[in-house]
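Please read it alongside the structure.

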Amino acid sequence: MTGTAYSFAWAAVWQGLPYLLEGAGLTILISLASMALALAVGTLMAALSQAPGRVLPRLVRAYVEVFRNTPLLIQIFIVYFGLPQIGLKLSPFSSGMWALVLYTAAYNTEILRAGLEAVPKGQHEAVRSTGLTEFQAMRYVIVPQALRISLPALGNNLVSLMKNSSLVSVIGMVELMFVANDISFNNFRSFEIYGAAAVLYVALVLLLTRALHVTERRLALAR
Amino acid sequence: MRLRSGGVLGLGIATLVVALGAAGWAEAQSGLEAAKKRGRLVAGVKTDFPPFGYVDSGGKNLGFDVDVAHLFARALFNDENAVELVAVTSGNRIPFLQSGKIDIIIATVTVTDERKQVVEFSDPYFLSGSLLLVPKASTAKGLEDMAGKTVAVIQGAIQDKDVEQLQPKANRIKFGKVSEAVLAVKTGRAEAYVHDDIVVLTLAKENPDLKAVGKPFIPRPYGIAVRKGDMEFITWVNAELARMKKDGTYDRLWKKYFADVEANLVKP
């Protein structure tokens, strides 16, 4: 079989770049918002998983299993198309963001729970015997250690979140993946445009991992 | 640390370019020859575009374009089942053809000047304008009522640009699939969905809560598409289309799929 040489059309990349960067802007926005909320929700859930009694830990368990064991795409469609049918209509941005948050927070919950449980039980009793309240013991002794243990796994999860944000393109959110589709469906330079989008994703994720490294080092210094 | 992360970025990009570059060879062989060698035609058809390409509840591909694909297989191999149907969307059908995933697009491709630059079109086989699909209760009469409203279109379909030009005050929301755009209208995510008249009419017929409004605007022809420069294949396709028109096959297909909405269609 013969082949014709392919010529890379740089012009298509330069032409598409402003629109791609605009898309990257929304990718950053929705990713950062989702990260903050997913950390908050994950922390809350992990704390509830340690609550006394059986009801709360079981509810947390159920939440984790439901959101971890269903495809993110289905969750996005349920929030965006499904909830309006039962009367809850979130904006497209909120729909995408909350789907990302609930999905990512399910993993965060498990990571933080494992972190909490990795701190030896004896410490807990020892701290309480010094007169600190339950909340103070958690706040000043247990949680900082748990966080330090959990941080690398949390970081991985946030990297996944940033890449997973490309899925909200299916509900018309004009983020990086959507823009790449939009351009390549019209100029038919799939290789150039998806390639450029991939490079932008790599750059975004490298920025994120760098920020995470800095955070990790700061926490390690505070030891 | 800084050096290292810069190095990682460079290495990453280099890997990507090499990995993608290896795939950067277009197939020069005629799609017709490729199909003959394989003993089977690989055709891109729609699965969410009644009555041209859709899937019944049993997962079977049906529709005008699907029938054409089977007829082509019969003409080529004397076996109408010697065809592999690949589901495509308005957005991905041309990339699928260019990358050699399919031999031919029989999927409601509207002939436009931009697309003529990248694929080889057959003679027209259908003429389609555009209509709006709106909820039954809607008072909208056409695009003129869509200023400030959210209008769903399909990414990569011509209506994306048509709506931008004809109703710049509309807020377009773009989906990848017809089913998603319909759902957007049903769930109030969009006030209207603009697409080819034939699919809008058919969807309105199938969904009692929706209706078709507007006068078909900017009628354009549909063409079957093969890879750019593949004159051997497109000549064969045109001869087949001419034969189908002459021997009554085309009229039979028209009646089979368009009879109940034909009053609203633009006759080719």
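1. The model is predicted, and local features need pLDDT of at least 70 while side-chain atom pairs count only at pLDDT 80 or more, whereas totals for chains, interfaces and linings use all residues. Residues are numbered from 1 along each chain as its sequence is written, and chains are lettered from A and ligands numbered from 1 in the order in which they are written.

2. Chain B contains ten helices and 13 strands, where helices (H or I, at least four residues) and strands (E, at least two) are DSSP runs numbered from the N terminus. Among contacts (C-beta atoms, placed from the backbone, within 7 Å) in chain B between residues at least 6 apart in sequence, 68% join residues at least 24 apart.

3. A nonpolar core is here a set of buried Ala, Val, Leu, Ile, Met, Phe, Trp, Tyr and Cys residues joined through C-beta atoms within 7 Å. The largest has 74 residues, and those with the most contacts inside it include A69(B), I105(B), L133(B) and Y193(B). Its largest share, seven residues, is supplied by helix α3 (residues 64–77) of chain B. Because domain 1 (31–127 + 220–264) and domain 2 (128–219) of chain B both give residues to this core, it lies between them; the domain bounds come from an automatic or database domain assignment.

4. Which residues does F64(B) contact, leaving aside its neighbours within four places in sequence? They are P51(B), F52(B), L253(B) and Y257(B). F64(B) lies in helix α3 of chain B and is buried, with 26 other C-beta atoms within 10 Å.

5. With the same exclusion of neighbours within four places in sequence, A69(B) is in contact with A43(B), V45(B), V83(B), L85(B) and I106(B).

6. Strand β2 (residues 41–45) of chain B has four of its five residues buried, so it is largely enclosed by the rest of the structure. Pairing requires that DSSP finds at least two bridges between two strands. β2(B) pairs in the parallel sense with strand β6 (residues 83–87) of chain B over five bridges, and V45(B) stands opposite A87(B) in β6(B). β2(B) also pairs in the parallel sense with strand β7 (residues 104–110) of chain B, over two bridges, with A43(B) opposite I104(B) in β7(B).

Definitions and conventions
Two residues are in contact if their C-beta atoms, placed from the backbone, lie within 7 Å. A residue is buried if 20 or more other C-beta atoms lie within 10 Å of its own, exposed if 12 or fewer, and partly exposed in between; C-beta atoms are placed from the backbone.
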